[in-house]
Amino acid sequence: ADGRIRYSRAKTHRQYSILVEPEATAIIEVLKGKKALILLADRYSTTAAVNLQLNKALKHIGAKLGIAGLTMYHARHSWATRAAGLDIPKETIAAALGHGGSTVTDTYISFDERKIDTANRIVLDSIK
């Protein structure tokens, strides 16, 4: 309703809220499921199974592009590298990737998700 996807990350069980940019909306519309956000999540019962299928598809795409072993890890790495090159603060990059938050100080700080929203928009605009 507010243009965000809220979820609990399977690996860390932390709660996240991600602004859905128009570019993502277009992809979601093509891949949408009947019960879940994307069709793969309708077909497979676990996050691990969905991720396995995504990585298989990325490896297939990578092979066609001459990029061996392309996976979601590479997508995350590419986003972070691009963001760093655009002078987005390391703290914002870490938060966007779901890193950090494990120190005593971090438990007292509520990270402003608008910083991640802005970072995502800057990265997207840099690749158009």
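Predicted model: local features only at pLDDT ≥ 70, side-chain atom pairs only at ≥ 80, totals over all residues.
**T71**

Leaving out residues up to four places away in sequence, T71 touches N55, L58 and K59. I placed T71 in the loop between α3 (47–65) and α4. I then checked its accessibility: T71 has a relative accessible area of 16%, and because the cut-off for buried is under 20%, it is buried.

**L52**

I went on to L52, which sits in helix α3. L52 is partly exposed, at 46% relative accessibility. I took one distance from here: the C-alpha atoms of L52 and M72 are separated by 9.7 Å, and the two residues are 20 residues apart along the chain.

**Overall make-up**

I noted the secondary structure of the chain as seven helices and two strands. In sequence order the pattern reads β-β-α-α-α-α-α-α-α. I recorded the span of the C-alpha trace along its principal axes as about 40 × 35 × 25 Å. The chain has 128 residues, of which 21% count as buried. I also looked at contacts between residues at least 6 apart in sequence, and 37% of these join residues at least 24 apart.

**Confidence**

The mean pLDDT of the chain is 89, and 93% of the residues score at least 70. Where is confidence lowest in the chain? I found the lowest value in helix α6 (residues 104–108), with a mean of 68. The highest is in α7, at 95.

**α4 against α7**

I turned to the packing of helix α4 (residues 72–85) and helix α7 (residues 113–126). Their axes are 10 Å apart, and the angle between the helices is about 90°. Angles of 65 to 115 degrees count as roughly perpendicular, and α4 and α7 are therefore roughly perpendicular to each other.

I listed the residues that meet. From α4 these are W79, R82 and A83. From α7 they are A119, N120, V123 and S126. By type, the residues of this contact divide into four nonpolar, two polar and one charged.

**L86**

I followed the chain into the loop between α4 and α5, where L86 is found. L86 is partly exposed, with a relative accessible area of 32%. Which residues does L86 contact, leaving aside its neighbours within four places in sequence? I found I122, V123 and S126. Of these, V123 and S126 are also among the α7 residues that meet α4. I took the C-alpha distance from L86 to I122 as 7.9 Å; in sequence L86 and I122 are 36 residues apart.

**D87**

I looked at D87, which lies in the loop between α4 and α5. Is D87 buried or exposed? I noted a relative accessible area of 69% for D87, so it is exposed. I then looked up its backbone and found phi near 65°, a positive value in a residue other than glycine. I kept this entry because most residues other than glycine have a negative phi.

**I93**

I moved on to I93, in helix α5. I93 is buried, with a relative accessible area of 9%. I listed its contacts without residues up to four places away in sequence: W79, A80, A83, A84 and I88. W79 and A83 come up again here, as both are among the α4 residues that meet α7. I also checked I93 against G3: the two are 90 residues apart in sequence, and their C-alpha atoms are 21 Å apart in space.

**Aromatic pair**

How many aromatic pairs does the structure hold? I found one. The pair is made by the rings of Y7 and Y16, with centres 5.7 Å apart and planes at 25°. Planes under 30 degrees apart count as stacked, so the pair of Y7 and Y16 is stacked.

I compared the accessibility of the two residues. Y7 has a relative accessible area of 34% and is partly exposed. Y16 is buried, with a relative accessible area of 12%.

Methods:
Residues numbered from 1 in each chain as written. Heavy atoms only, no water. Axes fitted to C-alpha atoms, helices over the stretch in contact; angles between N-to-C directions. Helix = DSSP H or I, 4+ residues; strand = E, 2+ residues; numbered from the N terminus. Parallel < 35°, antiparallel > 145°, perpendicular 65-115°, else oblique. Contact = heavy atoms within 4.5 Å. Nonpolar A, V, L, I, M, F, W, Y, C, P; charged D, E, K, R; others polar. Phe/Tyr/Trp six-rings, centres within 6.5 Å; stacked < 30°, edge-to-face > 60°. Buried < 20%, exposed > 50% of the residue type's maximum accessible area, 1.4 Å probe, protein only. pLDDT = per-residue confidence, 0-100.
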